[in-house]
Amino acid sequence: MTATTVETRRFAAAAPALRLLLARFPLLVFALLFVYMALGSEFFLEWRNISSILRQSAPDAILAAGLAVVVTAGGDDIVSGGIDISLPAAATLGVGILSDQLVNGRPFVLAMLLAAAAVVAVGLLNAVLVVKVGLTPLLATLASWVAVIGTTKWVINNRRITVDHQFISNVRDGTVLNVPIPAVFALAVLIVFSFWIHRTRFGHRLQASGGNRSAAEISGLNPDYFLARSFVMASLAAVVATLVLTARSSGLSPGIEERLLLDMVLATFVGAAFSFRRVVTVPGAMLGAVLVKALGSGFQLLNVDIFKVGMVKGVLILIVVASAALEAGQRR
Amino acid sequence: MKATSLLEGAGSALEMETVSKTFPGVRALDRANLSVSRGEVHGLVGENGAGKSTIIKILAGVYRADAGKVNVDGAPLEKIDPASVHRLGVRFIHQEISLVPHFSVAESVFLGQEQTGKFGTAKRLMRQRAEAFLTETLGVELDGRALVRDLSVAERKLVQIARALIDGQAKLVVFDEPTAVLAAAEVQTLFAAIDALRQAGKSMLYVSHYLNEIHQICDRVTVFRNGTDVGVMNLRQSQEPQVGVPEIIRLMVGRDIDDLYPQRQHTKRKQKALEVTDLDDGQRLRGVSLTVGAGEVVGLTGIIGSGRAELVDSLYGLRKIRSGQILVNEEPAKANSPARAVRSGLALVPRDRRNDGLVLDMTVADNVNLATLEEVSTLGWLNRAAASRRGDESMERLDVRPRGSQAVSRLLSGGNQQKVVLGRWLASQARVYVLDDPTVGVDVGARSEIYRLIADLAQAGAGVLMCSNDPAELLGMCDRILVIVRGRIIADIVAAETDLEQLTALATGGAEAT
């Protein structure tokens with residue numbers, strides 16, 4: 001009896017130190033890298049660079065916020081849990097419609113409403129496919145990705161559309177108190193979604209649905225309801241992303257959705273490593289998007305070979321998610 | 001501990017009268033009665049299949065009774081569904097703890113009943129209320145901000161209880177095997193909480209296999225056997241002599257061993273087929289050692305939470321072990337995956353054969369050959385004719401009905417599915433068989449055939465570890481019987497020298513091993 005007790009204690013004592021190291025490791029790596037970049041290039045910490053990073057990362061951050069909601073409601077298992085890979089496609093469809101309508105002289109408000117309706121329709125479609133039809137989210141949103149991209153190409157004949165519209169240029173170039181307007185939109189999404197998910201009764205239940213489905217059910221909740229709502233909420237984020245994306249590229253350049261997809265998924269799960277509880281959260285996902293973009297910018301300033309940047313970025317992201325997984329393993 | 005007058009004068013918190021329930025082919029409840037007085041802790045015991053969980057599920061509104069009356073707090077319940085039972089103040093503490101790992105204690109307690117303030121959820125208020133409830137009502141200090149995943153199992157159990165009771169409306173609390181998930185030392189933490197609830201005047205129904213716990217915590221106990229109540233005993237009345245565990249066991253068991261078991265010649269050989277030394281998984285298993293000789297049938301029994309399931313999983317490589325050794329045929333076996341376990345000469349018939357044992361959409365012949373495909377294939381090509389022939393041979397030998405090795409396994413009955421799984425391993429010529437509940441859900445006719453198969457295996461020199469919670473079956477089939485309680489083998493007895501009551505007493509913690 002005593003022998004086993006002692007042994008168990010030793011295991012228990014060894015674990016927290018290792019866990020703490022694993023938990024702080026990604027933070028440490030990123031901090032060291034940013035110090036290195038700041039030392040290597042004075043420009044890195046200048047507001048001009050930081051605001052450019054914020055401007056560039058705004059669409060990814062907004063989409064990541066939407067994805068974070070779906071992951072929170074469906075669980076963080078990427079195959080059987082909640083995932084919505086169709087978000088960038090939905091936003092691209094929105095960009096296509098908005099650009100097309102504006103070029104054809106439609107008033108901005110009407111054009112934006114049309115685009116928003118199309119984007120939210122994708123969210124509703126996902127909700128129906130997952131909750132009513134019973135497809136896994138990965139499969140359902142993969143299918144809608146293909147369908148939505150197809151629709152976009154059909155609507156705009158797969159061409160580049162350049163928009164010359166005063167409001168769009170203002171969003172692209174304007175600032176509020178020195179903060180670029182796309183970042184202001186991202187900030188608004190951050191505030192609204194964070195409150196919605198992390199501070200309301202609805203959000204609390206949505207988190208429970210994804211955290212442990214049977215716990216939610218035993219508490220009298222219907223997890224499917226929250227999962228369905230999460231797809232629609234995510235599509236609202238995609239509506240905001242539509243506007244910011246249209247501004248960023250002054251219209252639509254075909255093929256933007258694929259890079260957006262990768263950065264969105266990466267940012268969301270990298271963000272989990274930076275959250276206090278090591279789970280996907282809205283602020284974590286948005287921070288993840290900014291950090292991933294900052295890495296790219298830093299490497300560029302240090303004149304790292306463009307071909308190596310992708311590799312180094314990949315390795316860093318691997319380190320972050322691997323240490324989070326190892327820490328979770330330690331806990332068990 | 002409790003004055004009798006309080007129990008009798010206070011009326012009933014729950015009254016279930018002549019409740020019957022029939023499932024296709026099984027009479028699960030036959031005019032069963034169950035009554036819980038206000039303010040008491042009432043135990044409910046019985047062997048597996050006695051009807052305990054059926055009557056609880058009827059109370060919960062999961063099943064509908066065919067006949068009978070249910071009164072909660074003096075009011076008759078007409079239509080029983082989960083919502084109406086909840087409204088009347090009946091709360092269920094399920095055996096499994098379902099909580100969100102990354103939620104805090106306070107968030108878990110208030111899940112589904114969140115408090116809100118001006119700025120969304122009132123986190124501070126919920127934390128204070130949860131902490132106060134845990135301290136005052138359950139008598140435990142827990143930080144409301146601590147995350148569930150960092151809590152011990154006993155603390156999670158208390159959080160689960162707090163969640164069910166935080167609204168203050170609970171009148172009757174039903175505990176279903178609450179200690180099954182706990183380690184021995186943690187049980188007292190839970191009991192302190194139950195005692196605190198008793199002080200607060202809650203009525204409780206406590207369902208458990210652990211008779212010593214029933215004896216320690218309950219005021220009265222109802223014993224179920226074969227779908228009905230066979231006795232209610234007062235465990236606290238000072239006028240009567242203390243009713244002990246032995247009498248509960250006598251009421252629980254009260255039956256004869258049926259005549260299903262084949263005559264066996266005990267041809268124990270010197271060779272050890274399976275030897276396990278100091279197996280420890282760091283969680284449930286605490287230094288388990290056992291041996292099964294060649295030609296020997298050894299029983300393994302242990303109630304829920306005993307570690308029996310974990311031990312079987314470890315043997316088969318489904319569970320990580322931290323230390324200890326497994327020898328198969330006196331050679332070390334690295335049991336870190338089922339594939340390796342099979343290669344080292346182990347054969348397992350899993351307890352949930354529908355999910356673990358068979359590929360239900362394959363034909364019977366394919367299932368029989370699954371573990372031994374090499375033997376019916378040439379250079380990786382499956383020889384269909386040979387496979388089919390082999391399937392037919394097995395079916396013949398096992399008397400699987402309907403005959404026809406091309407039948408799809410899903411369509412067979414439970415007993416016949418079990419025979420197909422056994423048939424697969426007979427084909428493999430393994431030396432050690434680990435059978436996990438081989439006759440659960442199997443009709444009487446098929447049972448005696450399965451017993452005959454097991455006897456044949458031992459006769460042929462294989463070692464058989466037969467895991468079962470049916471003491472009669474173990475007494476009928478085994479040479480020796482091992483009893484596991486809370487992760488330790490506490491008894492290794494010769495079957496011929498023991499009886500139903502002693503075996504039940506050992507497994508339920510109602511007796512110390514001698």
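This is a predicted model: local features need pLDDT of at least 70, side-chain atom pairs count only at pLDDT 80 or more; totals for chains, interfaces and linings use all residues.

Me: Which elements give two or more residues to the side of chain B that touches chain A?
Reply: On the chain B side, 19 residues are in contact with 20 residues of chain A. These residues of chain B divide into 7 nonpolar, 8 polar and 4 charged. The elements of chain B that give two or more residues to this side are β8 (120–121) and β14 (286–293).

Me: Which strands stand at the edges of the open sheet that includes β14 of chain B?
Reply: The sheet has 4 strands in the order β14-β13-β16-β17 of chain B, with antiparallel pairing. Each edge strand has a single partner strand, so one side of each is left without a neighbour in the sheet. The strands in that position in chain B are β14 and β17 (331–332).

Me: Which residue of β14(B) is the bridge partner of D280(B)?
Reply: Strand β13 (residues 272–280) of chain B pairs with β14(B) in the antiparallel sense, over 6 bridges. Within β14(B), the bridge partner of D280(B) is R286(B).

Me: What angle does the direction of helix α2 of chain B make with that of β1(B)?
Reply: A further open sheet of chain B is formed by 4 strands in the order β2-β1-β4-β5, again with antiparallel pairing, and its edge strands, each pairing on one side only, are β2 (26–37) and β5 (75–76) of chain B. Helix α2 (residues 52–60) of chain B packs on this sheet, where it touches β1 (12–23), β2 and β4 of chain B. The angle between the direction of α2 and that of β1(B) is about 115 degrees.

Me: Which residue of β5(B) is the bridge partner of N71(B)?
Reply: Strand β4 (residues 67–72) of chain B runs antiparallel to β5(B), and 2 bridges join them. In β5(B), N71(B) has as its bridge partner P76(B).

Me: What distance separates the end C-alpha atoms of helix α11 of chain A?
Reply: Helix α11(A) is mostly covered, since 14 of its 19 residues are buried. At 1.5 Å a residue, the 19 residues of this helix (residues 256–274) should span 27 Å, and the model agrees with that expectation, because the end C-alpha atoms of α11 in chain A are apart by 27 Å.

Me: Is L177(A) buried or exposed?
Reply: L177(A) is found in the loop between β2 (175–176) and β3 (179–180) of chain A, and it has a positive phi of about 50 degrees although it is not a glycine. Because L177(A) has 5 C-beta neighbours inside 10 Å, it counts as exposed.

Me: What is the phi of N178(A), which is not a glycine?
Reply: N178(A) is found in the loop between β2 and β3 of chain A. With 7 other C-beta atoms within 10 Å, N178(A) is exposed. Although N178(A) is not a glycine, its phi is positive, at about 75 degrees.

Terms used. Residues are numbered from 1 along each chain as its sequence is written. Chains are lettered from A and ligands numbered from 1 in the order in which they are written. Two residues are in contact if their C-beta atoms, placed from the backbone, lie within 7 Å. Ala, Val, Leu, Ile, Met, Phe, Trp, Tyr, Cys and Pro count as nonpolar, Asp, Glu, Lys and Arg as charged, and the others, Gly among them, as polar. The expected span of a helix is 1.5 Å times one less than its number of residues. A residue is buried if 20 or more other C-beta atoms lie within 10 Å of its own, exposed if 12 or fewer, and partly exposed in between; C-beta atoms are placed from the backbone. Two strands pair if DSSP finds at least two bridges between them. Axes are lines fitted to C-alpha atoms, for helices over the stretch in contact, and angles run from 0 to 180 degrees between N-to-C directions.
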